[in-house]
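Please look over the sequence and the structure below.

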Amino acid sequence: MTMLFGYQTALELWRRPEVYTHASFSQTMTLEVPSEGRATPWTVEGTATTLWSDTLMDLARPWDLVSSTYGHHLSKEGIHWHARTTALPPHSGLRLEGDVFLVSPELCLLQMAETLPFLELIQLMDEFCGTYRPEGDGLECRPALTSTALVSSYLDSSEGVNGVKAARRALRHAVDGSASPKETQAELLFSLPVTRGGKGFPKPQMNQRFDVPSDLRQAGDPGYLECDLCWESKDAELAAGQPHHAAVEYQSTRWHVGAKKLAADSRRRNLLESMGVHVITLTAAELFSAKGFDRVATLIANEIGARVRTRLSPDEVTRRTSELRESLLGKGDISADGAPDESDLPPDQR
């Protein structure tokens with residue numbers, strides 16, 4: 001029987017290395033919604049590969065499967081059917097094995113937009129358009145599954161489908177290239193509108209690459225550096241004609257410790273400054289402190305010339321900011337040294 005995995009099950013699959021590294025994903029396809037003759041629980045056929053046998057059997061139940069037959073939307077034991085009676089646009093699905101299909105990352109985001117709250121949907125979009133995935137209590141690097149441009153194009157071809165309006169609202173605030181949840185959270189705190197509790201800054205470039213000129217390199221220096229969040233500065237040009245940028249580097253407590261690491265960070269900052277990139281550090285403790293975060297935001301605003309105006313009263317701004325911070329960060333898990341425990345990847349593993 002033909003199966004099309006979608007919704008929460010598709011999200012779980014797209015977070016699995018055996019899925020996003022599968023060779024058949026190098027090509028997309030147009031997939032019409034399968035029409036089933038009957039709804040029966042999936043059993044692994046003898047011809048299925050060990051890879052997919054193990055993967056399917058390890059999925060959380062109930063599985064979310066999509067069908068074009070309304071009668072199949074009734075949940076069966078271990079299966080939750082989702083009815084869709086119109087054909088899917090191009091690039092909606094990928095073949096896993098035989099008659100087993102998986103909705104594309106773009107369609108998965110559209111389906112999750114039907115149920116996820118606004119902020120959670122943006123964060124999921126940033127994950128799919130970024131280079132990380134959750135792995136237990138930590139993170140794992142992986143190539144981006146999609147991009148904001150591809151998601152936008154797919155939504156344009158899905159006019160009238162459930163979730164499109166919510167997905168478009170969230171996509172306006174999503175970014176490409178985030179390398180960790182903390183970078184995503186910091187970016188949202190900086191760039192969401194004041195009416196939503198953010199600082200209202202322009203969206204930054206995430207992990208922007210800066211090539212290191214050969215005349216600045218010493219032995220052991222990299223050929224390029226990346227900055228977590230980057231804006232073009234209000235100073236249009238340096239004397240050498242190089243664009244001037246302001247960059248925020250998120251400094252997690254777990255990885256930025258020790259004399260050698262501190263020396264490497266200092267060398268990195270000096271290199272960036274000499275290339276016209278003014279580096280502002282955002283520590284974990286500052287991210288989790290409203291006052292500390294405001295200090296960093298003021299430095300960025302001065303550097304990029306951000307002037308945010310709002311008709312909200314100061315008390316209302318404070319209330320909305322607090323609500324956003326609590327939604328994104330919770331109350332914070334403060335460790336003994338006064339900084340939140342976290343599991344971001346070290347920069348050299350990004």
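In which helix is the place of Arg-169? Arg-169 belongs to helix α7, residues 164–171; helices (H or I, at least four residues) and strands (E, at least two) are DSSP runs, numbered from the N terminus. This is a predicted model, in which local features need pLDDT of at least 70, side-chain atom pairs count only at pLDDT 80 or more, and totals for chains, interfaces and linings use all residues. Residues are numbered from 1 along each chain as its sequence is written, and side-chain values use heavy atoms, with hydrogens and water left out.

Arg-169 has 38% relative accessibility and so counts as partly exposed; buried means under 20% relative accessible area, exposed over 50%, partly exposed in between (1.4 Å probe, protein chains only).

Glu-286 lies in helix α10, residues 284–287. Beyond four places in sequence, Glu-286 is in contact (heavy atoms within 4.5 Å) with Thr-281, Gly-292, Phe-293 and Val-296.

The largest nonpolar core has 74 residues, and Phe-5, Trp-14 and Phe-190 are among those touching the most other members. Such a core is a set of buried Ala, Val, Leu, Ile, Met, Phe, Trp, Tyr and Cys residues joined through side-chain atoms within 4.5 Å. A second, separate core of eleven residues includes Phe-210 and Leu-271.

The chain averages a pLDDT of 81, pLDDT being the predictor's confidence in each residue, from 0 to 100. Over residues 333–350 pLDDT stays under 50. Where pLDDT is low, the predicted coordinates should not be read in detail.
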